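This briefing is meant for a reader who is meeting the structure for the first time. Please keep the sequence and the 3D view at hand while reading the points below.

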Amino acid sequence: MTPRIPKGSSIRSFRRLVLLVGVMLCTTVGLTGVAPAYADLAPTATGAAQALRPTLPPPNGEHRIGVVPLHLVDRSRTDPWVPSHPVRELMVSLWYPAQRGHARPLAPWLPPGAWARFEQDNGVPPGVLAVPLTHGRTNAPVDRLRGGRPVVLYSPGLGGTRDSNTVLVEELVSRGYVVATIDHTHDSSPVEFPDGRVEVGALTPDVAAQAVAVRVADTRFVLDTLSALNAGSNPDAEHRPLPNRLRGALDLSKVGMFGHSLGGATAAEAMFEDRRIKAGVNLDGTLFGPVVAAGLDRPFMLVGAQQHDRGTDPTWAQFWANLRGWRLNLRLVNSAHNSFTDIQVLLPQIAGVLNFPPDVVQQLIGTIDPQRSIINQRAYVTAFFDLHLRHQDRHLLDHPSPRFPEMQFLP
């Protein structure tokens with residue numbers, strides 16, 4: 001299944017609305033219909049007196065949050081998308097439970113150069129929007145647990161960044177997980193490197209299957225790098241200081257992975273190719289690669305938007321039939337493809353300032369209440385990894401819950 005672009009729209013014009021809030025081009029990957037054309041909806045400022053800084057909802061767990069960016073270089077590969085780059089470079093953020101670190105700055109949702117590139121690409125005048133702040137303290141000391149903490153990997157949708165699902169990442173970290181979020185350079189866009197260089201997307205949706213293969217290689221390299229880091233090495237290309245007490249903080253015998261859209265497809269295929277990944281979640285992504293026919297023998301959860309299920313996506317139907325381990329298929333009612341990213345809570349906050357019509361907002365994030373959407377996602381994704389990485393069963397995944405009526409169980 002090849003992702004579809006609205007008729008008459010260029011890739012840049014289609015991205016204009018979606019990229020503004022840091023999510024992926026691939027609003028059509030994992031959907032069953034053609035997405036609406038947004039070519040004429042360039043954002044326009046309303047002349048607000050000061051920049052609006054949208055906010056992310058705080059996580060609910062007991063742990064403070066730390067985060068450190070890592071510049072990783074895989075010298076065994078050339079860049080598959082830009083031949084002039086002789087090595088594969090990635091930016092990864094490592095999120096972790098932290099000790100008290102109020103003196104450390106809060107990490108921005110996007111670094112300054114990447115945020116400026118978003119404004120430039122999308123015609124947003126400087127000073128209209130301010131970058132959201134996360135709840136992660138940069139380089140705060142690690143709150144280390146004896147034996148290490150379980151690790152979860154995150155892969156964004158095509159054209160999205162490693163920051164695209166901070167609301168779920170922070171929730172997992174606040175509940176005791178270490179999470180590594182991956183920018184797939186020239187697929188993710190924009191990606192800012194420590195020298196100030198900003199790399200942008202170089203892909204079109206028709207190469208989605210090839211992109212998944214590249215992402216899987218990225219993921220396996222990140223896993224190798226995390227092993228070296230956990231043993232005490234500093235894999236950062238510039239050897240920037242790492243947080244105190246990071247050595248031994250990861251339990252790499254308990255690794256899970258989740259992703260949105262093409263990132264969800266990446267989670268499934270990476271599990272197929274690398275048995276170090278014990279459990280996976282696909283948030284509304286059409287599947288690609290051998291895993292569709294081969295299936296998996298380890299736990300996997302599919303979570304779809306309102307219009308995306310096994311009846312509308314043949315890759316989901318085939319994959320589901322070939323799953324041999326624990327499996328669950330959920331639907332978040334009244335949601336849309338981008339409900340499974342931070343756009344769910346950020347877009348309603350900025351739509352008025354940027355004059356986005358209500359029908360456009362609805363097409364991107366559905367009619368579900370944004371806060372309820374995030375509450376449901378946090379509850380079910382956390383419960384999944386608690387069950388399969390920690391063997392802690394709260395029985396939320398056994399059957400529908402009256403506390404979460406928006407989450408349907410599909411037979």
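In this predicted model, helices α3 and α10 cross in a right-handed manner.

**Helices α3 and α10**

- Helix α3, which covers residues 166–174, and helix α10, which covers residues 370–389, have axes that come within 10 Å and cross at roughly 45°.
- On the α3 side the contact is made by V167, L168, E171 and L172, while α10 contributes I374, Q377, R378, V381, T382 and F385.
- Sorted by class, the residues of this contact between α3 and α10 comprise 6 nonpolar, 2 polar and 2 charged ones.

**Helices α4 and α5**

- Helix α4 (residues 208–230) packs with helix α5 (residues 262–273) at an angle of about 60°, and their axes are 9 Å apart.
- The two helices α4 and α5 are therefore oblique to each other, and their crossing is right-handed.
- From α4, the residues A208, A211, V212, R215, V216, T219 and R220 take part, and they meet L262, G263, A265, T266, E269, A270 and E273 of α5.
- This contact of α4 with α5 is made up of 7 nonpolar, 3 polar and 4 charged residues.

**The largest pocket**

- The largest pocket holds about 330 Å³ of space, and of the 18 residues that line it, P69, S93, P108, P111 and R162 are the closest to its centre.
- Strands β1 (64–74), β2 (88–98) and β3 (106–108) each supply at least two residues of the lining of this pocket, and β2 gives the most, with 3 residues.
- The lining of the largest pocket consists, by class, of 12 nonpolar, 2 polar and 4 charged residues.

**Backbone features in loops**

- The peptide bond that runs from S189 to P190 is cis, with an omega near -5°, and P190 itself is found in the loop between β6 (178–183) and β7 (191–192).
- Although D284 is not a glycine, this residue has a positive phi of about 65°, and D284 lies in the loop that connects β10 (277–283) with α6 (291–294).

Key:
Residues numbered from 1 in each chain as written. Predicted model: local features only at pLDDT ≥ 70, side-chain atom pairs only at ≥ 80, totals over all residues. Heavy atoms only, no water. 1 Å grid on protein atoms, 1.4 Å probe; cavity = no way out; pocket = protein on both sides within 12 Å on 5 of 7 lines; lining within 4 Å. Points joined across faces, edges and corners; volume = space filled by probe spheres on them. Helix = DSSP H or I, 4+ residues; strand = E, 2+ residues; numbered from the N terminus. Nonpolar A, V, L, I, M, F, W, Y, C, P; charged D, E, K, R; others polar. Axes fitted to C-alpha atoms, helices over the stretch in contact; angles between N-to-C directions. Left-handed = near helix turned anticlockwise from the far one by under 90°. Contact = heavy atoms within 4.5 Å. Parallel < 35°, antiparallel > 145°, perpendicular 65-115°, else oblique.
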